[in-house]
Structures are given as C-alpha cells and as structure tokens.
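Dear colleague,

Here is the structure I promised to pass on. My notes on what was found in it follow below.

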Amino acid sequence: MEIKTVEMGDGVVRIIDQTLLPGKYEIREIKTKEEMWEAIKMLRVRGAPAIGIAAAKAVAVEMLRSETRDPDEFHRELEKVTDYLATSRPTAVNLFWALDRMKRVTRKSRERSVEELKELLLREAHAILEEDRAMCRAIGEAGDALIKDGAGILTHCNAGGLATSGFGTALAPIYVAHEKGKRIRVFADETRPLLQGARLTVWELMHVGVDVTLISDNMAAQVMKEGKIDLVITGADRVAANGDAANKIGTYGVALLARAHGIPFYIAWPASTLDLSLVDGGKIPIEERGKEELTSFGNVTVAPEGTKAYCPAFDVTPHELITAFITDRGLIYPPYKENLKQFAT
Ligand code: MRU
C-alpha cells in the first residue's frame with residue numbers, strides 16, 4: 001500500500017496528521033520550519049525515515065522563501081534552518097542524515113546563484129523521498145524470503161507506510177508476502193503509551209486486507225508461548241556500528257521474549273538508519289517525553305495528580321538478540337561489526 005505520508009507542492013509540505021488516526025484522516029499543510037518542528041515533536045509526522053523526509057522537504061520550502069541574493073548569506077540561513085529542525089527529536093538518525101544531505105548538496109556548489117541553490121534543495125528533498133520509496137521495496141523483497149506461507153508475525157510500533165514514503169520497513173516484507181498470496185497472520189503490539197501499533201499499524205494492515213490481530217504489549221509473552229508467533233519484525237531508529245539498535249520503547253523487551261521462546265527476531269531498516277559513528281548503542285540519545293503521555297490515556301487521566309512518571313520513548317536492543325537485519329541491500333547476519341562496515345562501503 002502506498003500512503004502519501006509526506007508530499008510537497010505550491011510552497012507547502014503536506015503530511016497526514018498521524019495524531020488523529022484512526023478516527024480522522026486529515027492532511028495538514030506545513031508552511032514554515034516552526035510548523036514542521038512542531039509536527040515532528042508532536043508526532044504528527046513520525047517514524048524514522050518519514051521524519052527525515054519531512055524535515056528535508058521543510059528545508060526546501062523554507063529556503064525557497066529566502067529573499068537574499070547573496071549565496072554566502074543563503075548558506076548561513078540554510079545552516080540555521082537545519083540546526084533548528086535538528087532539535088525536534090533526538091533518536092532517529094534519519095533526521096540528521098537527511099538534514100546533512102540538504103546541507104551537503106549546496107556545500108558542493110558554492111559557486112552557484114541563490115536561484116540555482118534553491119533548485120538543488122528542491123531536487124535533493126525529492127530524491128530523499130524517492131530513494132526511501134525504493135529502499136522500502138527492496139527491504140520488502142529481502143524480508144519476504146524469511147516469511148513462510150501460514151506464518152505468524154509479531155511487530156511493534158509502526159514501521160509501515162506511515163513511517164516512510166513507501167510501504168514501510170518492518171511492514172514491507174509483510175506487504176510483499178501478502179502481495180504474493182502467502183497466508184500470514186500479523187500480531188500488532190498496541191505500543192504504549194502513544195499506541196502507534198493499535199492506531200497506525202492495525203489501520204494500515206486492515207486497509208489492504210492483511211490478517212492483523214491487536215494485542216496489548218504485556219500479552220506478547222503469552223501469545224508467543226501459545227505458538228502463534230514464528231518470527232518478529234520491527235523497525236529501527238538508529239543502528240550503531242556493532243549492531244545495537246534503537247527502536248520504540250518496548251522493542252528490547254520483545255527481543256528478550258523472542259529469545260526466551262526461540263523465535264527469530266529481525267530488525268528492518270534502510271541505509272539512512274545506520275550510524276557507524278557510534279561504536280555501540282550506549283551512545284544513542286534516547287528521547288524522553290512528557291510524563292502526561294503516561295499519566296493519561298487519550299484525554300483521560302489514568303494516574304493520580306502529582307504522579308511521578310518516567311517516559312523514555314525508545315530503547316536499545318543489544319545486537320546479540322537480533323537474528324538478522326533486513327535492509328535495502330539484503331539480509332545482514334552476525335558478525336555485525338564486520339558486516340555493517342561492509343554494508344556501508
Ligand atoms: O515515536 P515514533 O512513532 O516516531 O517511533 C517510531 C518507531 O520507533 C519506528 O519503529 C521506527 O521509527 C522505524 S520506522 C520505519
């Protein structure tokens with residue numbers, strides 16, 4: 001399924017406001033860097049690759065409005081815009097990767113006029129989106145090989161079309177297997193506290209007729225014990241050089257459960273998610289979100305006023321628990337340190 005998670009036209013970026021799903025399907029028009037910062041921060045647009053794409057588009061739109069005729073001044077303004085958007089969320093490396101690409105494409109072209117630089121930025125943002133779409137397809141083809149007819153698959157959070165410009169990373173192999181007529185059953189963790197699994201993954205999969213069953217996060221062990229899960233596939237927000245992988249909070253727990261039940265645990269990601277500058281997952285910045293995301297459910301308060309709460313939005317799964325990575329360049333097995341280095345060359 002192709003969902004237009006991020007689009008661009010007439011000096012605006014259009015996103016699906018994911019905070020309103022599944023109740024309401026609404027397109028939000030973003031005109032400024034401040035509006036995009038808010039949209040990323042509030043998870044109106046979310047999922048590692050989608051955040052990068054949206055930010056790149058916002059840079060292009062913002063810089064299109066620049067009134068300077070001086071290329072040096074233009075570069076300085078661009079630097080400010082990218083620095084600002086980089087402060088929206090810390091964990092998904094795809095954001096920084098995309099902003100970096102936007103800066104690099106103009107840096108290589110110092111002698112160009114402002115008009116030419118604007119055109120380069122527009123083209124680069126478009127390329128980032130199109131490349132992501134192609135990477136999703138490649139991930140889907142690579143991961144499909146792991147899915148047998150009749151398989152039960154557990155996934156966590158949403159790493160589908162809503163998280164990318166294509167049809168997702170973790171959900172891509174599921175879509176390809178479904179397209180090929182394999183009978184598969186997907187179990188979607190609801191993914192507390194913001195329910196990306198229940199609200200987004202179930203919505204996406206139901207839309208195309210994939211057999212999907214919602215479970216709450218604390219049901220995963222029981223469902224595994226009942227023999228309903230043959231493999232787990234999740235996405236990632238950042239993969240360190242040794243293969244440690246950050247993803248939505250709860251992923252580490254699912255990986256431990258999979259190991260305890262002898263179930264293979266796969267993480268799917270595109271090249272933009274790999275961060276070889278970090279030797280291991282210990283250095284991945286983990287976003288901490290407001291405690292109200294935990295003390296309320298929807299708009300209903302579920303904990304006493306004054307409750308102390310801690311709300312890390314991501315965790316890091318140690319590479320030892322990961323059976324293989326499903327990437328746009330095929331499957332990657334341990335030893336990860338060597339194989340990821342090779343992947344990047
Ligand atoms: O907080 P979110 O909804 O942006 O978290 C999203 C995830 O953790 C996804 O699994 C990850 O970004 C991979 S998306 C292809």
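**The seven-stranded sheet**

Seven strands make up an open sheet with mixed pairing, in the order E6-E5-E4-E7-E10-E15-E16. At its edges are strand E6 (211-215) and E16, each of which pairs on one side only. From one strand to the next the twist averages 25°. Please keep in mind that this is a predicted model.

Within this sheet, strand E4 (residues 152-155) pairs with strand E5 (residues 185-189) in the parallel sense, over four bridges. In that pairing Leu154 stands opposite Phe187 of E5. Helix H7 (residues 196-207) packs on the sheet and touches E4, E5 and E6. The direction of H7 makes about 160° with that of E5. Helix H9 (residues 251-260) also packs on the sheet, where it touches E4, E5, strand E7 (231-234) and E10. For H9 the angle is about 145°, taken with the direction of E10.

E7 is parallel to E4, to which two bridges join it, and Leu154 stands opposite Val232 in E7. E7 also pairs with E10 in the parallel sense, over three bridges; there the bridge partner of Val232 is Phe265. In a regular strand, side chains alternate between the two faces of the sheet. In E7, Leu231 and Ile233 point one way while Val232 and Thr234 point the other way, and all are buried.

**The four-stranded sheet**

There is also an open sheet of four strands, with the order E11-E8-E9-E14 and mixed pairing. E11 and strand E14 (314-317) are at the edges with a single partner strand each, so one side of each has no neighbour in the sheet. Strand E9 (residues 245-248) pairs with E14 in the antiparallel sense over four bridges. Lys248 stands opposite Phe314 in E14.

**Helix H11 and its surroundings**

Which residues of helix H11 (residues 336-344) are buried? They are Tyr336, Leu340 and Phe343. Seen down the axis of H11, the buried residues fall within an arc of 55°, so they line one face of the helix. An α-helix has 3.6 residues a turn, so residues three or four places apart point the same way. The face of H11 turned away from the buried side carries Lys337, Lys341 and Gln342, which are exposed.

The cover over the buried residues of H11 includes strand E8 (238-240), strand E10 (265-269) and strand E11 (274-275). Strand E15 (324-327) and strand E16 (330-332) are also included in that cover. In the loop between E16 and H11 lies Pro335. A cis peptide bond, with omega about 0°, joins Pro334 to Pro335.

**Aromatic rings**

A search of the whole structure finds six aromatic pairs. In one of them, Phe167 and Tyr175, the ring centres are 5.6 Å apart and the planes lie at 20°, so the pair is stacked. Phe167 and Tyr175 are both buried.

Ring pairs also link Trp269, Phe325, Tyr336 and Phe343 into a cluster. Tyr336 and Phe343 are among the buried residues of H11. Arg329 lies over the face of Phe343, at 4.4 Å from the ring centre. Elsewhere, the charged end of Lys33 sits over the ring of Tyr84, 5.7 Å from its centre.

**Backbone points to check**

Pro22 is in the loop between strand E2 (12-16) and strand E3 (27-30).

Leu43 is not a glycine but has a positive phi of about 65°. Leu43 lies in the loop between helix H1 (33-41) and helix H2 (48-64), and counts as buried at 6% relative accessibility. Leu195, another residue other than glycine, has a positive phi near 60°. Leu195 is in the loop between E5 and H7 and, at 15% relative accessibility, counts as buried.

**The start of the chain**

Lys4 is in the segment before strand E1 (6-9). With a relative accessible area of 48%, Lys4 is partly exposed. The C-alpha atoms of Lys4 and Ala221 are separated by 34 Å, and the two residues are 217 residues apart along the chain.

Regards

Notes. Residues numbered from 1 in each chain as written. Predicted model: local features only at pLDDT ≥ 70, side-chain atom pairs only at ≥ 80, totals over all residues. Heavy atoms only, no water. Phe/Tyr/Trp six-rings, centres within 6.5 Å; stacked < 30°, edge-to-face > 60°. Buried < 20%, exposed > 50% of the residue type's maximum accessible area, 1.4 Å probe, protein only. Lys NZ or Arg CZ within 6 Å of the ring centre and 35° of its normal. Arc of directions from axis to C-beta. Contact = heavy atoms within 4.5 Å. Pairing = 2+ DSSP bridges. Axes fitted to C-alpha atoms, helices over the stretch in contact; angles between N-to-C directions.
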